[in-house]
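Please examine the sequence and the structure shown here.

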Amino acid sequence: MRRRALLALVGVVVAIIVTSVTGLVLQGKDEAGTGPQTQLLIDGPTPPAPVPDDGPAEGQVEGTPEETARTYLSDWATGDYESMRELVDEPPADFAAQHRQLDDALSAQVVRLKPGKVTKTGEQTAEMRFTGARKLAGYDGAWDFASTLRLAVRDLSWKVLWTPAVMHPDLAEGGELVRIDEPVPTTRFVTKEGRAFPHESYAEPYLAELGTRIPQPPSGTEVGWTIELRNPAQQPRVLLEKKAAASEGTKTTVEAFTQAAAARALDPVQQAAIVVVRASTGEVAAVADRLGGREAFTGKYAPGSTFKTVTAAALLDGGLSADSQVPCPAAYTIPNGRTINNYQEKDHGSVTLQQAYALSCNTTFARLAVQLVSADRLMEQAAALGFGTSLATGVGGTCGSLNRPENPDALAEASFGQGTVEASTLCMASVAAAVQSGAWHPPRLLPADVAERIEGHAPPASVPLNDTVAAGLRSLMSAVTTEGTAAGSELPEGVSGKTGTAEDWQGGPDHAWFIGYKGDLAFAVFVKHGGTGRNAAIPIAARFLRAL
């Protein structure tokens, strides 16, 4: 009786307000009463308001199906689930909770309900089609839905025959709607051209490290999501989804095609790395690393005869030329010191400095270092080519190091890359780049300003080489591939380089090196415990260069 009187009163007020209009808009409040929540849109002529009386005659059905249906939607619009429950025949115990859980699960809010026409389906049954819309977080516009209120007479009053399908037409008993939010995307790194890194690029550890150093997207970054229908005994079905805009990615200095060529060159080899540097800028054009971790940047190994490039720079700066005659005996004994042997104890007699470098004469460089190069001068030349510097690559990394030689034996060992001399693959690639360009540029994997911000310090300054020294080194490195240790190999024409075979001070097999350049691309190949540079490192360099 109380419900009928209330309906009659609402009908009177509505009739007064909308006598001359064809529609009514009711706006409900949220639970705190702070603002509009849902619109109830009632189209068509307003039904005549029932006249209050003392109730229906005995045995007479109270109200109409239309009154019950519209009141139900009106209560839904205001979020009054308890009043809705009173209009439902045998409502489930969790009736209100199901409504709240659905909206919470979807991060949604019903913002519009629009009743349709009531149709009698029997003497004591009827139905009303209605439409609605939900506002979803992160979704422009509203998500429309349409469903049906089925009604029947129960205990002489019209009741809603409720099922979960009232909330969404596809929802079955025991089913649920689930919103699956994509995680906030991590920073995506791309090549210099904006392309994805090649498959199995062998640069993955470097990209992972960049991801830890570059701040992630802010919490407000737009993400994608999916609304999924999950009904018992049915396959989950996507009802609505929003794809997050694809990130353009953060560009590195890596060049897509160069990286692919470097990676494929390493495919047949374990425990090896290749670093390619754009000689004119110091930008890392490729890093393919199968040593584990970021060893091509951070691991330091004896560079062997590739370090003769540094010693040759000091000799050329000291007055020698590529044509200077020098001895290359099978062995050289340092005054009051140890004996240095050539590889396989080969005796080449008197040769030019260019030939001694091309043939990789240990005895020549040991003798010239002891006689013509002081420990301090060798340290200075090494520093000019990056040794001892802290690189701002964006992922850390070192160039190389050597302790100041304290005696002629140590100076002789250092002259051909043994003793305390250590270098990373990155370091030796930058040495080759300095020869090609005439200046040592600090290598980096990111744009300079980004790398500096990540590392917390500015990159070291570029160091120009003396023009005479640069020209002499180019002549020496060119001779290696035409008449020296790399001559007759599978390298393409136009490559200049230097082989290296370095003893492992821990007692393992020798390490293999080959550094060089072709055009503006300089590179270093390192094979851990690979043996000789010619047999282990040159084939990798050749595969890389021929793929370009």
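## A helix and its neighbours

This is a predicted model. In helix α6, the buried residues are A256, T258, Q259, A261, A262, A263, A265 and L266. The helix spans residues 256-266 and is mostly covered, as eight of its 11 residues are buried.

## The largest pocket

Rolling a probe the size of a water molecule over the atoms shows where empty space is left. In this model, the largest pocket holds about 830 Å³ of space. It is lined by 32 residues, of which S305, N342, Y343, N362 and T501 are the closest to its centre. The elements that contribute two or more residues to this lining are β16 (339-341), β22 (496-502) and α16.

What classes of residue make up the lining of the largest pocket? There are 18 polar residues, eight nonpolar residues and six charged residues.

Strand β9 (residues 225-230) and strand β10 (residues 237-242) run antiparallel and are joined by five bridges. Across this pair, E228 stands opposite V238 in β10.

The hairpin of β9 and β10 has six residues between the strands. In this hairpin, A233 takes a positive phi near 65 degrees.

How values were computed
Residues are numbered from 1 along each chain as its sequence is written. This is a predicted model: local features need pLDDT of at least 70, side-chain atom pairs count only at pLDDT 80 or more; totals for chains, interfaces and linings use all residues. Side-chain values use heavy atoms; hydrogens and water are left out. Buried means under 20% relative accessible area, exposed over 50%, partly exposed in between (1.4 Å probe, protein chains only). Helices (H or I, at least four residues) and strands (E, at least two) are DSSP runs, numbered from the N terminus. On a 1 Å grid over the protein atoms alone, a cavity is a set of points where a 1.4 Å probe fits but cannot get out, and a pocket is an open set with protein on both sides within 12 Å along at least five of seven lines; lining residues have an atom within 4 Å of a point. Grid points are joined across faces, edges and corners, and a volume is the space filled by probe spheres set on the points. Ala, Val, Leu, Ile, Met, Phe, Trp, Tyr, Cys and Pro count as nonpolar, Asp, Glu, Lys and Arg as charged, and the others, Gly among them, as polar. Two strands pair if DSSP finds at least two bridges between them.
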